[in-house]
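Visitor: I would like to learn how to read contacts and helix packing in a model. Please take one feature at a time.

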Amino acid sequence: IPKRVLQFLHQGRTQVPFDFRAKINFTIGGSVMKADITTDMENGYYFLVMPPGDVRRISKRLKEELTETEIRLVSTHPLLAAALFKIRNYARVRSEAACAKDAMFLKDAYRHVLWSFLLTKEFGPEFAKQVTDAHEIGSVKVNTDGEHKMDYNNNEVGQDYAKAGYTEDMILELVRTDPRVI
């Protein structure tokens, strides 16, 4: 059983039938968020889920518009939900603060680079790419092809910074000076 539990924790799924129901509370930006976590089964595997409605409600409270692809991703990774929301919110707050100091600052670029950087540091490049790509798929606001290209590019730059070992303190200046940032 311990081996199967470790496998479940590592892979997020198991073929061992189980039923789990819980209510979780976590805090983001001083606000307490509440959600349910239950089990679901697909293709013979059991895994934890957070109802998409809870993901939508939390994102609205945080004033974060999520695409349906993002909602599905967070819903199927409920143990990572708090960290995913915190990182997203943190990148948004930091980019707004940088823009408040300098109106000509590339707020959207910084937000994407920092968000992707932090996701990569926390979860690795593959999952960070899944998360940032989910944001671009079925975007809530209507983006032009150029805006999508810019966002994908800046997300990749953030991942590259994390892989190169840069620190968060360096990101702001890199966004200002790196010609790869759009």
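Visitor: Leaving aside neighbours within four places in sequence, which residues is Tyr161 in contact with?

Guide: This is a predicted model. Contact here means heavy atoms within 4.5 Å. Once neighbours within four places in sequence are set aside, Tyr161 touches Val113, Phe117, Tyr166, Ile171, Leu174, Asp178, Arg180 and Val181.

Visitor: Which residues touch the most other members of the largest nonpolar core?

Guide: That core has 39 residues, and Tyr161 is listed with Ile58, Phe85 and Ile171 as touching the most other members. Helix H5 (residues 107-123) supplies the largest share of the core, 8 residues.

Visitor: At what angle do H4 and H5 pack?

Guide: Helix H4 (residues 81-101) packs on H5 at about 145°, and their axes lie 9 Å apart. The crossing of H4 past H5 is right-handed. Among the residues making the contact are Leu84, Ile87 and Tyr90 of H4, with Leu114, Trp115 and Leu118 of H5. By class, the contact of H4 with H5 holds 13 nonpolar, 1 polar and 7 charged residues.

Visitor: How are H6 and H7 oriented to each other?

Guide: Angles over 145 degrees count as roughly antiparallel. Helix H6 (residues 125-136) and helix H7 (residues 145-163) pack at about 160°, with axes 10 Å apart, so H6 and H7 are roughly antiparallel to each other. H6 passes H7 in a right-handed crossing.

Visitor: Which residues of H6 and H7 meet?

Guide: From H6 come Pro125, Ala128, Lys129, Thr132, Asp133 and Glu136, and from H7 come His148, Asp151, Tyr152, Asn155, Gln159 and Lys163. The contact of H6 with H7 comprises 3 nonpolar, 4 polar and 5 charged residues.

Note on methods:
Residues numbered from 1 in each chain as written. Predicted model: local features only at pLDDT ≥ 70, side-chain atom pairs only at ≥ 80, totals over all residues. Heavy atoms only, no water. Axes fitted to C-alpha atoms, helices over the stretch in contact; angles between N-to-C directions. Helix = DSSP H or I, 4+ residues; strand = E, 2+ residues; numbered from the N terminus. Parallel < 35°, antiparallel > 145°, perpendicular 65-115°, else oblique. Left-handed = near helix turned anticlockwise from the far one by under 90°. Nonpolar A, V, L, I, M, F, W, Y, C, P; charged D, E, K, R; others polar. Core = buried A, V, L, I, M, F, W, Y, C linked by side-chain atoms within 4.5 Å. Buried < 20%, exposed > 50% of the residue type's maximum accessible area, 1.4 Å probe, protein only.
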